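These are my notebook entries from reading through one model. I kept each look-up to what the atoms themselves show.

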Amino acid sequence: MTAEDIQTHDKPTPLGCDPADLAWVESTVKQAGTSFAAGMRILPPMRRYGMYAIYAFCRVVDDIADGSEPMEERKAGLEAWHARIADLYDGKAQDPLDRVLLATIRFFSLRQADFDAVIDGMIMDAENTIVAPDEKTLDQYCDRVASAVGRLSVRIFGDSSEEADKVAFHLGRALQITNILRDIAEDAARGRLYLPADLLTRFNVPHDPIKALSAPGLQSVATILAARAQDHFRSAFATMRKCNGKAMLPARIMGASYEAILVALRKRGWASADLLNRPHTSKLGKVFWLTASYLP
């Protein structure tokens, strides 16, 4: 080993982690084939690797939820992650992802409840195919699979205030509802229908995912949900003005990107012939809010 090698090895590493662990987490993110890793390069190393660890965690639990194993096996795999997260909060780590997650949890004071919420959201998808949920269940699902990830993310970005949590609350719901409205046909092909039962019933839309696609009332259901998403975007942007401006930059970019999708969807409409014309986020928007790649 040369003197240069020793000097490089002795340099402080992000989050105080072993370079091999950091490399493993970064490699896992890059292998996912998204632009997330490239986008995170603008962040300081500690925040960047913290986000890599959160992204990798979301990837792992999402893969379990959407796997081909029997439901009981998928649920057991997700429940095992509850125990694994609890171990991290007891200071126990078993592999590179655990070790970088543990350092991230400690450095940014991340809350166990937010990790557990993400897992519980995945369990909702794995345990039962979601079809026409009631309003309470839909909101709970949005909180778990979107807003909870936002609550983890804003802390890593640099704001742990109550206002930042409110941003995560509103922006997570805005993004998830937009995703639901964008993916109605794709979800139906998987036997899923995330539109709320009371709206479907009010506008005579069948609760069957495939039959719902050709129902005339689908346009009215989607229009109401789109207005709801717009209200959440409005509240999120208003609350961002009360937060750390630099920390909110990623959220602002993602919010603007997804609001543009919502505008495009409202312009396109939800007639059966239009449902496969699926707007996408810009590359700039995708990289800043990791829920974009993993929300069902």
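I looked up E26 and found it buried, at 17% relative accessibility, where buried means under 20% relative accessible area, exposed over 50% and partly exposed in between (1.4 Å probe, protein chains only). Its side chain meets that of K30 in a salt bridge with an N to O distance of 3.3 Å, a salt bridge being a side-chain nitrogen of Lys or Arg within 4 Å of a carboxyl oxygen of Asp or Glu. K30 counts as partly exposed, at 43% relative accessibility. Both K30 and E26 lie in helix α2 (residues 19–31), four residues apart, which is about one turn of the helix; helices here are DSSP runs (H or I, at least four residues), as strands are (E, at least two), numbered from the N terminus.

I note for the record that this is a predicted model, in which local features need pLDDT of at least 70 and side-chain atom pairs count only at pLDDT 80 or more, while totals for chains, interfaces and linings use all residues. Residues are numbered from 1 along each chain as its sequence is written, and side-chain values use heavy atoms, with hydrogens and water left out.

In helix α9 (residues 162–182), K166 and E163 are three residues apart, about one turn of the helix, and their side chains meet at 3.4 Å, N to O. K166 is partly exposed, at 41% relative accessibility. D231 and R234 meet at 2.7 Å, N to O, and they are separated by about one helical turn because they are three residues apart in helix α13 (residues 218–240). I also traced a network of salt bridges that links R111, D114, D139, D143, R151, R155, D165 and R173.

R173 came up again when I looked at rings: its charged end sits over the ring of F169, 3.7 Å from the ring centre. The rule here asks for NZ of Lys or CZ of Arg within 6 Å of the ring centre and within 35 degrees of the ring normal.

Next I took the aromatic pairs, which come to seven; rings of Phe, Tyr and Trp (its six-membered ring) pair if their centres lie within 6.5 Å, and planes under 30 degrees apart count as stacked, over 60 as edge-to-face and the rest as tilted. Y89 and F115 are edge-to-face, because their planes stand at 65°, with the centres 6.5 Å apart. This pair links distant parts of the chain, with Y89 in helix α5 (residues 71–89) and F115 in helix α7, 26 residues apart. Y89 is partly exposed at 28%, whereas F115 is buried at 0%. I found both of them in one aromatic cluster together with F57 and W81.

Which residues other than glycine did I find with a positive phi? Most residues other than glycine have a negative phi. A132 has a phi of about 50° and sits in the loop between α7 (112–127) and α8 (135–157), where A132 is buried at 12%. N204, with phi near 55°, lies in the loop between α11 (197–202) and α12 (209–212) and counts as exposed, at 66% relative accessibility.

Last, I set down the whole chain: it has 16 helices and zero strands, and buried residues make up 53% of its 296 residues.
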